[in-house]
Amino acid sequence: MALFLYKAVGSDGNMIEGQSEGANEQAVAAELQEDGSIPIEIVPAGRHPLSNLSLRRKNQPKIQQKEITTFTKELATLLSAGLPLDRSLALLADIVSEKSPLRNIVLNVLDQIRGGTPFSEALESQPGCFSRFYINMIRAGEAGGGLEDVLERLSEYLERSRELRSSVSTALIYPMILVTISVLSLMMLLTFVVPQFQEMFESAGKELPIPTQVVVALSEFLQDSWWIILVGGFSTYVYIRNQFSNLDTRFTWDRRALAIPLVSDLITKIEVASLSRTLGTLLGNGVSLMTALSIAKETLSNQVIAQAVEKASQSLQEGGNMTTPLMESNLFPQMALQMIRLGEETGSLETMFNRVAHTYDHEIKVTIERMLTMLEPILIVTLGLMIAGIIISILMAILSVNDLAF
């Protein structure tokens, strides 16, 4: 018998951590399932038990979400064609590139399935690869005998989630290009153009206008102390990363983000769409609402909104409803709340969640387009003013040196 550490979801929907003795990981998982818990991760207890879970995730090769989506879609197609699960996985292992970490993962899952391990447990034994949402969907499909249908829904869910993330990242490309061009243009003016006039200004022996003095000082700083900018930028990156890795400070920053006009609206709509899509998909595959809320909460990026979902889960445990705590948080759009309330009253939460997700997918695209419409001219005008300011300061100095007047 060996000692194992585990993370699991209890029958009440809350996350639990502990340790248990067993012959192997599968035995510990079976014991947890008998108690009504859903195992998330099980690892042998080592010298530093508290760090084992994160250490395995750290050493696990990173799998891109696109690969997981493709794997899910192709596996669903093969199962729908009538092939058994082990044969389908063997074919996928042959298709996947040998350089891809996914190939080894598929082979590991295949070996476990041939040894009698359920598909969901085999996926669960690959830490850091398949989300808790993914594994619970597979587990529901195994219990209902419709694994290929669940995989189809999973692939649709992953594809829509990827499209949502892609639309957000694509929308940010143009503003980032404008910002990059702005910074490079200013750097070139200050490090190459201004120094060409600096010798002439110094030889004139006259006091330069204040705007020119500021520009010259900036130019000298960039030439002599450019390394300070690099150190400052790296320090800022480390600081921000540490802030977001700490749950308390992350909560504070997330709350501040929700107080920024326009930005808060976009964040809220993205989170509502993600939450609704996850809940709708889970409920459609037989997962209980409490368990679905616990899983969906982990898919949220904003900790303030995640806390509101946690309160909704607690309300359900106490015999209440989930809509009232969400309304009291003042974070969720009224239309979404009314649709969820209607779903609770009519017993059609799955349908309502899917409608909310579809509605806010469209709202996100509209919001992004509006923000870009406002952001682009602001960036262009700001760049133009900065460059014009540098040029005017140089012209002022030239006119001053030559004792010209307007």
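Begin by selecting helices H3 and H4, where H3 passes H4 in a right-handed crossing (a crossing is right-handed if the near helix is turned clockwise from the far one by less than a right angle, and left-handed if anticlockwise). The contact is made by Phe71, Glu74, Leu75, Leu78 and Leu79 on the H3 side and by Leu85, Ser88, Leu89, Leu91 and Leu92 on the H4 side, where contact means heavy atoms within 4.5 Å. The axes of H3 and H4 (residues 85-95) come within 9 Å and cross at roughly 135°, axes being lines fitted to C-alpha atoms, for helices over the stretch in contact, with angles from 0 to 180 degrees between N-to-C directions. That makes H3 oblique to H4, since angles under 35 degrees count as roughly parallel, over 145 as roughly antiparallel, 65 to 115 as roughly perpendicular and the rest as oblique.

Before going further, note that this is a predicted model, in which local features need pLDDT of at least 70 and side-chain atom pairs count only at pLDDT 80 or more, while totals for chains, interfaces and linings use all residues. Residues are numbered from 1 along each chain as its sequence is written, and side-chain values use heavy atoms, with hydrogens and water left out.

Following H3 is Gly82, whose phi is positive, near 100°.

Leaving aside neighbours within four places in sequence, Ser155 is in contact with Thr69, Thr72 and Lys73. Ser155 counts as buried because its relative accessibility is 4%.

Select Phe119 next. Leaving out residues up to four places away in sequence, Phe119 touches Leu75, Leu85, Leu89, Val109, Ile113, Ile138, Glu142 and Leu147. Phe119, Leu89 and Tyr134 touch the most other members of the largest nonpolar core, which has 76 residues; such a core is a set of buried Ala, Val, Leu, Ile, Met, Phe, Trp, Tyr and Cys residues joined through side-chain atoms within 4.5 Å. A second, separate core has 12 residues, including Leu186, Leu208, Val215 and Ile394.

Move on to helices H9 (residues 210-224) and H10 (residues 226-245), whose axes come within 4 Å and cross at roughly 75°. H9 is therefore roughly perpendicular to H10. To see where they meet, select Phe221, Leu222, Gln223 and Asp224 in H9 together with Trp226, Trp227, Ile228 and Ile229 in H10.

For another helix pair, select H13 (residues 289-297) and H14 (residues 303-317), which pack at an angle of about 165° with their axes 10 Å apart. H13 and H14 are therefore roughly antiparallel to each other, and their crossing is left-handed. Leu289, Met290, Leu293 and Lys297 of H13 make the contact with Ala306, Val309, Glu310, Ala312, Ser313, Leu316 and Gln317 of H14.

The next stop is Phe353, found in helix H17 (residues 349-401). Phe353 counts as buried because its relative accessibility is 1%, and, not counting residues up to four places away in sequence, Phe353 touches Ser276, Leu279, Gly280, Leu283, Met322 and Ile340. Phe353 and Ala336 are 17 residues apart in sequence, with 8.7 Å between their C-alpha atoms.

Then select Asn330, in the loop between helix H15 (323-329) and helix H16 (334-346). Asn330 counts as exposed because its relative accessibility is 68%. Asn330 is not a glycine, yet has a positive phi of about 60°; most residues other than glycine have a negative phi.

Finally, show the whole protein, whose secondary structure comes to 17 helices and three strands (DSSP runs numbered from the N terminus, with at least four residues of H or I for helices and at least two of E for strands). Of the 406 residues in the protein, 42% are buried.

How values were computed: Buried means under 20% relative accessible area, exposed over 50%, partly exposed in between (1.4 Å probe, protein chains only).
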